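Please open the model in your viewer and have the selection tool ready.

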Amino acid sequence: MRPIMLQIEGLQSFKEKQVIDFEKLTEYGLFGIFGETGSGKSTILDAMILALFDEIPRNRIDGNKSSLLNSINESSKKMEVYYSFALGKDIYEIRRNYKRGTLKGQEIINSKDAILIKNGNILANKKTEVKSILNEEFGLDVDDFSRTVVLPQGKFNEFLKLRGKEKIKMLEKIFSLEKYGEKLEIKISGEKRHWYVETEKYKNQIIGKGEIKPEEVEELENFLKEKQEILSKSLEEKEEFDKIYSGERKLRELLDEKNKFFLLREELLKEQDLILEYKDILMRNNLGRELKSGIEDLLLLKDRLTKMEEYDNKLKEDKLKEEQNIKVLKEEQEELSFKKEKYLKEKENIFFDIEELRKINNLYGEKSNLLIKKDQEKKLENNLLRKQRELEENIVNKEKNKKELEKIRKEKEVFKEIDKNILMEEESKIKEKIEYITLAKEEKIEKENKEVLAEKLKKEILFIIEEKEIYLKEIKEKNEKLKQSFAYKLYKELKEGEPCPVCGSLTHKTLDMDNIDNSKIEREIEHLLKKKDKIIGEEGKLIERINKLEEGLNDFKIKYKSLNIELEEKIIKEEMELLKEKRIEEESKEKKLIELNNMIIKKELEENILFRDEKKLKKELNDLKNDYLELIKEISSKELEILNKYKNLSEKSIDFIEERKKFLEENQDKVYSLQSSIEGIDKIILENSNILKENIRLQEKMNQQIIKSKTELDIIIDDIHVKTDKLNSDIENSIFKNEEEIKKSIINDEKYKKINLEINNYEKEYQRITTLFDESIKLIAGRSQSIENWKELEEKNKKLKEKNELLKIEISAIEKNVGEKQKILKELKKIINLKNNAEKQYEIAEELGKKLKGRAFIEFLSVKKLKSIVYQASQRLKRITNGRYQLISDEECDFYVIDYFNEGSKRRCSTLSGGETFIVSLCLALALSNQMQLKGKVQLEFFFLDEGFGTLDEKLLDKVIESLENINREEKLKVGIITHLEELKVRIIRSLEVVSAVPGAKGSKVKII
């Protein structure tokens, strides 16, 4: 991962938005982050982690994820972080927003959905989706990332000097190896309980299935074979009989069919007269329809004649109307021409000179403008006097404000700047303690509830065990009863003199026993087994719940082992009272300081406003003077121009000019009105002329249509005479006497279809029955059969069929019995295998629990991790010291340094100087970072060293800086040094300076230098 840009707003001391360009900051590989204690240096790392993981690890209480409420700046309503970075060639961007809110009267932080962008495309816009994708891309959680990116020198200096078990414990904490200790033992214990419950479950299932021997199943299978052989012989006998029976049955069917078809044909012959009558009706209908068509054609011609006569009369009426219209239009044209002549004479008698009107209008406009400018001259003179007074007032106010500002500044110098960070840190610590105690109280109540629930569940298990024993006893009794039932059923089928299929004896003892319903007993057993399995399942679930409750109780004991809630609450109360007193005192000072600052800002603002107003008033006054002089000059020039342009006319008063203007404009309106009327008359004359031409054209067209209409009328009349003669001739030559008989002979379409369908159906049915009757005689071929012989054959067939059905039922019952017993044997085999596997898994878990008991496994893992870290640290130490030092560890995990420049002498790390200890600690820190990154999927291309430089002299400090620069060159790692030491600034080319916040005014600021 390579950081590109970070934006912070509203996070802790960063009130306003701050932007950090990491590409510029890390340009030379090694960079510094400088600032006073509490300025916000570590908050930069918090912002990175918050953007990636939605939490800040150093704000946690007792390992739990903390609220972000304490992280938001006190003066801010929102908190926002933006972080962009590169993974290989891909560019990622993350933005998260938070706002203050309330829930049930308590202040909370509302987190909006995050946005994740890859190469400009949105990958996710929900927090859960962003988390999932980042986990997939990184493979590191928030703790691993924090340990990898920030290397705390103090811890490794301490780690270097620790010995024995203390070092092992510290390794456990760094690598989170606790999960391989007590937690792993609890997990193995749960695994043992699980396989114990499974083993008991399978044992109970074996008991529930009952005892079934393979020999019993084999005897039943032999008995089944005997019955199957008897059935096979009986089926062969039936097959031979079926051949004879089949032929006789077919003959009987043919004889029955022949008698049936004979009777059906006789019935059809009785309906023959009715069918002939139907055929006559259809013949008369067809002939009547042909004649009716001629009658309808004649009626249509007569109707057409009537319509043509009406059309001809209408044409003649329209022609008369058009002739009248033409006469009216000619009269109207003559009247319009007379009116036009009258308007022309009136227009000639009106006086109107367009040039004089134009000249009068121009003079009137210029004189009006001159009057307006003289009014403007008076207004400008008044404005000049007013602005002069405003300027004098402004100068007086400015001097007064200046004196008041000097007085407030002197008063402010009495108060010192307030450092609010100390109180904030104290308050934060108290809040963390309160949250911790509140959580402990809640978990204590939960623990007590769990203890009560655990006792209740243990009582329920005892009750379930008793209930399970009762069901097992009932299942055993039912199985015994079922065995007796099978024995009795076999006994009932035995016959004296025949061998027993079980023992082979020819004589059989008498069994006195009631008839038992096997299926009912089997259903009862199945029902009891289901109940038993359900109880075993409930028992397992209860055991798991108890184990989980006990695990929770153990966790509480470990977590709050040394906590005294009452004492802690008392301490917190005292600390809160002390903090309250400090805050009241600081708030009073802060309030006064803010008040003075506000007054200074206000007076400075007023001073700026007065200065700006003075400048503005001077400019406006100067502009007004210039405008006034310019206007006077313009008025004089305009008066001279009017005199030269209009001469004698210019001497006339404005009233005279206005009167003359009015007279000319009125005459102009009259001339224009008459001209408009003349043009309107010309337009109407033209329109009427066009209408007249169109009416004459229509008149000629109507004359042609009247001639055409008369010709068509003559043709229709001739056609009617011809068709009337032909129709009378056709009626005389037909079977009908008149038109009335023709109408009666015609039937409707529905009746026609019905009669026609009956005729067709009759003829088809008669043909079908006759054909079938002839075919049945042909198939019988002279054979005969008595009713008595046929009944004897049917009786014999029935007896053979019943015999075979009974055998099949008996065989099916035996097969079912055999199948059920085979199924139970198969299930028992499967359950036994599962039981054996569960017992084996239980033994494995038990053996593993014995081997992992205690801390041996954790110590083994810790030593393995330590060896790997020491090897990597030693390789880097050799490079940094030019092959002089090598780091090793012994069997007790103590560190030693071999000095090859001093005959390979070996000495403890605790004897190293401050500078040597720092270099060895740095190598260990980098080795740990590398080990942590092995868990992830991406290489982190940067890390931060947090403090640790205060003990180095100038020479060794140069050596450390040179070593860090070598790391950058050799391993392409960007190294950031977080410190408040000013001496380092001159040794690092590029650095980020964090300027502390000013309480009540502004937040922390950053700048790259």
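Select helix 8 (residues 214–269) and helix 17 (residues 787–851); helix 8 passes helix 17 in a left-handed crossing, meaning that the near helix is turned anticlockwise from the far one by less than a right angle. Helices here are DSSP runs of H or I with at least four residues, numbered from the N terminus. The two pack at an angle of about 155°, with axes 8 Å apart; the axes are lines fitted to C-alpha atoms over the stretch in contact, and angles run from 0 to 180 degrees between N-to-C directions. Helix 8 and helix 17 are therefore roughly antiparallel, the term for angles over 145 degrees.

This is a predicted model, in which local features need pLDDT of at least 70 and side-chain atom pairs count only at pLDDT 80 or more, while totals for chains, interfaces and linings use all residues. Residues are numbered from 1 along each chain as its sequence is written, and side-chain values use heavy atoms, without hydrogens and water.

Next, select helix 18 (residues 856–880). Its 25 residues should span 36 Å at 1.5 Å a residue, and its end C-alpha atoms are 36 Å apart, which agrees; the expected span is 1.5 Å times one less than the number of residues. Among the buried residues of helix 18 are I858, L861, L866 and I880, where buried means under 20% relative accessible area with a 1.4 Å probe, protein chains only. Then move to N882, which follows helix 18 and has a positive phi, near 60°.

Notes: Angles under 35 degrees count as roughly parallel, over 145 as roughly antiparallel, 65 to 115 as roughly perpendicular and the rest as oblique. Buried means under 20% relative accessible area, exposed over 50%, partly exposed in between (1.4 Å probe, protein chains only).
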